[in-house]
Amino acid sequence: MRQPRPPRGSLRGAPHLRLRVGFVVIAMVLSVFGARLVQLQGVDPNSYAAMAAAEGVDQVVLPATRGDIVDRNGKPLAGSIDGLMIVADPSMTADRAPELARFLYRRLDIDYVDTLNKLREQGSRFEYIARRVPATQATEVVDAAEKLGFEGLDTRRDPVRDYPAGDVAANLVGFMGTDEPLAGLERTFDHQLAGRDGSARYEVGGGHRIPLGESTVTEPVDGQDLRTTIDLDLQWYAQRVLGQTVENARGDSGFAVVMDSRTGELLAVADYPTFDANDPTASPKADLGSRAMQDVYEPGSVEKVLTVSSLIDLGLVTPRTKIVVPSQLRREDRPINDWFTHGTLHLTLAGVIAQSSNIGTVLAADKFQQGQLYDYLRDFGLGERTGIGVRGETQGLLPDASAWTHQMQDRIAFGQSLSVNGVQMAAAVNTIANGGVRVSPSLIKGTATTDDGAVVGTDTATKRRVISARAARDTMRMMERVVDPDVGVAPGAAIAGYRVAGKTGTAQRVGEECGCYDGSFTVSFAGFAPADDPRFTVYVVVQNPRNGGGGGSVGGPAFAKIMSYALQRYAVPPTGTSPSRLPVEW
């Protein structure tokens with residue numbers, strides 16, 4: 001039996017109806033997309049692109065690792081250790097910004113108001129909260145914040161500057177601020193040490209990085225190391241001896257310089273008081289530099305060896321030249337006295353140096369023609385910076401030759417009316433140790449370029465002959481008599497088994513307030529050993545000792561300790577020859 005047919009159009013038309021409805025819906029959706037596309041690309045494309053970028057792109061700094069500063073043997077004086085920066089997403093921290101700012105202020109000791117503003121920064125998704133935080137501390141702070149319910153804090157790699165030697169060579173190395181170097185070699189050679197930071201830019205969503213989103217990374221370029229000529233162990237020892245010396249003398253300050261006599265390399269430049277480079281704010285500002293380079297002072301009687309060596313070089317005197325030394329010397333309207341009371345003395349030039357006679361030196365200096373002493377002192381390096389790479393180095397003061405009077409030459413001949421810095425004077429005395437050839441001092445091994453564009457270092461060291469080898473040898477033999485216990489004024493500078501050449505210095509100081517000699521003194525001792533084959537030159541200076549001591553009693557023993565350590569450390573044997581026995585009287 002045949003089944004009846006369904007009514008026409010009842011079922012056969014249903015699929016066509018659904019298909020038509022579907023096309024209508026698709027057309028409506030496409031029209032919405034099209035309208036939105038027209039809005040984005042035609043009506044206001046720039047504003048929408050900026051909104052997308054602000055909401056969806058994160059850019060962070062990738063810090064370069066700062067180069068190390070090391071001693072001559074590669075031991076670190078300054079280096080970088082693992083650290084982190086703490087950063088914030090203000091879109092997540094703004095609601096509880098006051099509470100979070102107080103928390104961070106207490107835990108990190110950072111400025112509350114500045115931190116609060118960063119946590120509330122409108123339109124920002126990334127703000128630096130604290131830089132160069134030790135990794136352990138940064139992690140603990142962020143973890144503690146999360147436990148208290150704070151959101152939006154994170155960490156990024158950010159190396160921390162560390163000074164493992166503490167106060168050792170801090171006067172030279174300097175220190176870093178939060179974002180820039182503030183002193184010393186850190187500042188002078190910042191371009192070499194700093195390197196170049198990189199950056200990373202990537203898409204984020206919901207406060208998180210999109211795994212397959214667009215990203216651009218510029219890798220950081222790490223800084224280069226800086227190798228110095230300093231011997232860390234010798235520097236440490238020199239600082240300790242210097243500190244004890246200044247304290248025992250009840251002085252204001254002091255410094256000690258140790259130089260390789262042959263190369264001019266500075267093995268130690270010690271200052272006291274000094275500071276810990278890891279905590280420079282704990283020390284007075286006056287202690288944050290290098291007094292050996294930045295202070296100017298009158299060198300006193302140490303300068304006499306420059307005067308007499310120049311006279312010998314000119315052929316005007318010999319160590320045996322006979323000089324009648326009166327109890328006082330009247331020069332125009334001013335008297336010249338010696339440091340000790342005496343009647344008329346009959347001294348040789350060697351005796352003048354051994355007894356450190358101002359009067360005898362002035363009488364010998366009368367043999368100079370106009371301008372000769374000035375020319376020699378310039379050749380010895382006085383009146384000009386050493387240029388070793390220490391920021392703020394003073395050049396001292398050597399009056400122009402045209403300004404010299406007879407009285408001025410008298411005073412300059414025994415070390416007054418001119419000023420020097422410590423390394424400058426050490427290099428001048430070292431000229432005698434080096435056979436009459438001045439070698440420029442160096443603090444940097446190889447070469448390095450300062451941020452001012454100056455190329456410095458051992459590879460750029462220069463040499464020039466100042467006096468003859470004979471004049472240097474004769475001066476050395478006279479300087480040996482200074483430490484002779486029978487005739488010299490500094491037996492405390494002698495070193496058992498070694499020949500030592502040296503010279504004391506005691507000079508009046510100019511007071512800052514009055515601009516005149518104020519009754520205080522600079523005392524010093526400079527010398528080298530072994531005297532007949534010099535290996536090291538050591539110069540010790542103490543400012544304003546209050547124990548009544550002079551260059552021989554204050555500086556001499558400190559010199560002997562530092563020199564003895566250097567000779568032993570570098571295994572320098574005694575020469576085994578007999579010391580000078582030049583006559584000191586006639």
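This is a predicted model: local features need pLDDT of at least 70, side-chain atom pairs count only at pLDDT 80 or more; totals for chains, interfaces and linings use all residues.
**Helix H6**

H6 runs over residues 135–147, which makes 13 residues. From its first C-alpha to its last it reaches 18 Å, close to the 18 Å expected at 1.5 Å a residue. Which residues of H6 are buried? They are Ala 138, Val 141, Val 142, Ala 144 and Ala 145. Because these residues cover an arc of only 160° around the axis, they lie on the same side of H6. On the other side of the helix, Thr 136 and Lys 147 are exposed. Just after H6 comes Gly 149, which takes a positive phi of about 95°.

**Helices H12 and H14**

Now let us turn to a pair of helices. Two packed helices are described by the angle between their axes and the distance between the axes. For helix H12 and helix H14, the axes come within 10 Å and cross at roughly 30°. Is this crossing left-handed or right-handed? The crossing of H12 and H14 is left-handed. The table shows who takes part in the contact.

| Helix | Residues of the helix | Residues making the contact |
|---|---|---|
| H12 | residues 304–313 | Lys 304, Thr 307, Leu 311 |
| H14 | residues 358–365 | Asn 358, Thr 361, Ala 364, Ala 365 |

How values were computed. Residues are numbered from 1 along each chain as its sequence is written. Side-chain values use heavy atoms; hydrogens and water are left out. Helices (H or I, at least four residues) and strands (E, at least two) are DSSP runs, numbered from the N terminus. The expected span of a helix is 1.5 Å times one less than its number of residues. Buried means under 20% relative accessible area, exposed over 50%, partly exposed in between (1.4 Å probe, protein chains only). The arc is that of the directions from the helix axis to the C-beta atoms. Axes are lines fitted to C-alpha atoms, for helices over the stretch in contact, and angles run from 0 to 180 degrees between N-to-C directions. A crossing is left-handed if the near helix is turned anticlockwise from the far one by less than a right angle, and right-handed if clockwise. Contact means heavy atoms within 4.5 Å.
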